[in-house]
Amino acid sequence: MFDRYTESVLTNIGINIIMTLSMYFPMAVGQLSIAQVGFMAIGAHLATVLTLYLHTPFGLAVLAAALVPWSLGLLFGRLIVRLQGLTLAFATFAFMEVVQVFFLNFTPTGDARGLKGIAPLTQLWHVWGLVLLLVLFFCRLRHSRIGRAMAMVKHDEVVAVTLGVNVPQTKVLAFAAGALVAGVGGVLYAHYALYIQYSYFGADKALALLTYAVFGGIDVWFGGVLGAAVLSYMPVLLHVFDHWRLEIHGAIILGVMSMRPQGVLAPDLSVDTRA
Amino acid sequence: MLRVSDVQVGYGAIRALRGVSLEVMEGEVVALIGANGAGKSTLLRTISGVLRPSSGDVLFEGQSICGMAEDKIVRRGILQVQEGRGILTRMTVQENLEMGAYGRSDKAGIRHDMDMIFDKFPVLRARRKQFGATLSGGEQQMLAIGRALMARPKLLMLDEPSLGLAPMLVQEIFRTIMDFKQEKRTILLVEQNARKALQCADRGYVLETGTIVLTGSGAALLKSEEVQAAYLGGRA
């Protein structure tokens, strides 16, 4: 349908949207998690080993890349359930760093050299099919029981308990869900980029995702979609500015943030909502 | 429906409740009155699971809920409206009510209940799209009560609903409680405003420094000399 180049660009944007949306699961319960990139790495490496060395069908590899991060997410989510704010962010950041160092040293997954020659199994419809699924999911979330629980936990945990919400369970589930999506994002990335290496799944990528989220609006999931789409496409558009690309990219982000600090699509809550 | 048996609760070395027993039967309004620091809020907190008694038991519908997690107790049907109200400030009135229906999945029933609550508290209907934080104290109190009602509680516990409210609003709150009585809801009402509370109640308990010193029907307590002297301004 599209030429190779366009397909490549669209796939890249789609994967960025998936990864950014994976952050919105923990954010929906008020947890700022920087661990998604770590789960992405786990999903990517695990699935690649399966398809590359064990000739596993793609579907099974995706399943593995979903289930392992999910389980790890449940475990790690339990550990961090009592953390808030900055400490939580640091703990998730630490998780990502640990995962990165692990893959740096783990020879079966290529340690410092990475894994190459990955089969190009990711198709455009895989990526955008998942994006569509996630969009539908977030649309319906607000009106569902679990969605209400998450909104309450995000707003005020104490009140949430008085209305019958199992707060720890809700937080852990949200975190694990984000991990699962990040893992799947990792598989899709690996079989699109065809080469993965530990250094990709680190602070740079995490910061990029965070920038997409903040730009589009950290409080609303569709902000993440916009942020990821716009900011991952922008470098392509900015090609015309040649070596000024990065500066202009940064300037645009700064400009938008100073005019709309809550993010492009987040509502303007300039009403003083303090009781 | 609710039976508190000989409950002892302490905050560290301070014994807040020393062997308190009370009962609330289905369909009745029970008032718990007493001065500040008597232990009324402590008792409510023990029933809702925030505090654990060091001895004694709390039975709800025949089953012990002593030591159960708070959220589980709420899901069993005991809702508490706290002083301080716990309004979700960054959500609208309507959203607050929707959150109250958290455990429910019957859309039609939820809509019906919301209409019912707006009928009861017309001011909430007028402000349904406004943020919780922009409501006055009295409106927040009504919202808190409305939200608790959205959960269709079996037992509703009200902790000092008239606290800090202007006299006109106090009247409205107690009028609402009288409506609850008509609707045969099961209510445990904790109040410092002894007169109004006993006027609404079927039965009452008087709590003083951690023990129940008096109990009886609402009317009887209103007339009793001790209550009159201690809580109702007494006779000269």
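**Briefing: a predicted two-chain model**

Apart from its neighbours within four places in sequence, B:Gly216 is in contact with B:Arg203, B:Gly204 and B:Leu221, contact meaning that the C-beta atoms of two residues, placed from the backbone, lie within 7 Å. This is a predicted model, in which local features need pLDDT of at least 70 and side-chain atom pairs count only at pLDDT 80 or more, whereas totals for chains, interfaces and linings use all residues. Residues are numbered from 1 along each chain as its sequence is written, chains are lettered from A and ligands numbered from 1 in the order in which they are written.

- B:Gly216 belongs to strand S10 (residues 211-217) of chain B; strands (E, at least two residues) and helices (H or I, at least four) are DSSP runs, numbered from the N terminus.
- B:Gly216 is partly exposed, as 16 other C-beta atoms are found within 10 Å.
- The burial classes rest on the number of other C-beta atoms within 10 Å of a residue's own, all placed from the backbone: 20 or more for buried, 12 or fewer for exposed, and partly exposed in between.
- Between B:Gly216 and B:Ser5 there are 211 residues of separation in sequence and 17 Å in space, C-alpha to C-alpha.

**Chain B as a whole**

- Chain B contains 10 helices and 10 strands.
- The radius of gyration of chain B is 18 Å, which agrees with the value near 18 Å for a compact globule of 236 residues; this radius is taken over C-alpha atoms, and the globule rule is 2.2 Å times the number of residues to the power 0.38.
- Along the principal axes, the C-alpha atoms of chain B fill a box of roughly 45 × 45 × 30 Å.
- Of the 236 residues in chain B, 47% are buried.
- When contacts in chain B between residues at least 6 apart in sequence are considered, 65% join residues at least 24 apart.

**Interface between the chains**

- Contacts between the chains involve 19 residues of chain B and 17 residues of chain A.
- On the side of chain B that touches chain A, helix H2 (70-76) and helix H3 (93-100) of chain B are the elements that give two or more residues.
- H2(B) gives the most to this side, namely four residues.
- By class, this side of chain B has eight nonpolar, six polar and five charged residues; Ala, Val, Leu, Ile, Met, Phe, Trp, Tyr, Cys and Pro count as nonpolar, Asp, Glu, Lys and Arg as charged, and the others, Gly among them, as polar.
- H3(B) is largely enclosed by the rest of the structure, because six of its eight residues are buried.
- These buried residues of H3(B) are B:Val93, B:Glu95, B:Asn96, B:Leu97, B:Met99 and B:Gly100.
- The buried residues of H3(B) pack against H6 of chain A, and also against helix H4 (107-120), helix H5 (122-126) and helix H6 (137-150) of chain B.

**Chain A as a whole**

- Chain A has an average pLDDT of 88, and 97% of its residues score at least 70; pLDDT is the predictor's confidence in each residue, from 0 to 100.
- Among the elements of chain A, the mean pLDDT is lowest in helix H11 (residues 245-259), at 81, and highest in helix H8 (residues 167-193), at 94.
- Chain A comprises 11 helices and two strands, which run α-α-α-α-β-α-α-α-α-β-α-α-α from the N terminus.
- The radius of gyration of chain A is 19 Å, in agreement with the value near 19 Å for a compact globule of 275 residues.
- The C-alpha atoms of chain A fill a box of roughly 60 × 45 × 35 Å along the principal axes.
- Buried residues account for 45% of the 275 residues of chain A.
- In chain A, 77% of the contacts between residues at least 6 apart in sequence join residues at least 24 apart.

**Helix packing in chain A**

- Helix H6 (residues 145-155) of chain A and H8(A) have axes that come within 10 Å and cross at roughly 105 degrees; axes are lines fitted to C-alpha atoms, for helices over the stretch in contact, and angles run from 0 to 180 degrees between N-to-C directions.
- H6(A) and H8(A) are therefore roughly perpendicular to each other, a class that covers angles of 65 to 115 degrees.
- H6(A) contributes A:Ala149, A:Met150 and A:Val153 to the contact, and H8(A) contributes A:Val167, A:Thr170, A:Lys171 and A:Ala174.

**Positive phi in chain A**

- A:His55, in the loop between helix H2 (36-53) and helix H3 (58-80) of chain A, has a positive phi near 50 degrees without being a glycine.
- A:His55 counts as exposed, with 8 C-beta neighbours inside 10 Å.
- A:Leu194, also not a glycine, has a positive phi of about 65 degrees and lies in the loop between H8 and strand S2 (195-196) of chain A.
- A:Leu194 counts as partly exposed, with 15 C-beta neighbours inside 10 Å.

Terms used. Angles under 35 degrees count as roughly parallel, over 145 as roughly antiparallel, 65 to 115 as roughly perpendicular and the rest as oblique.
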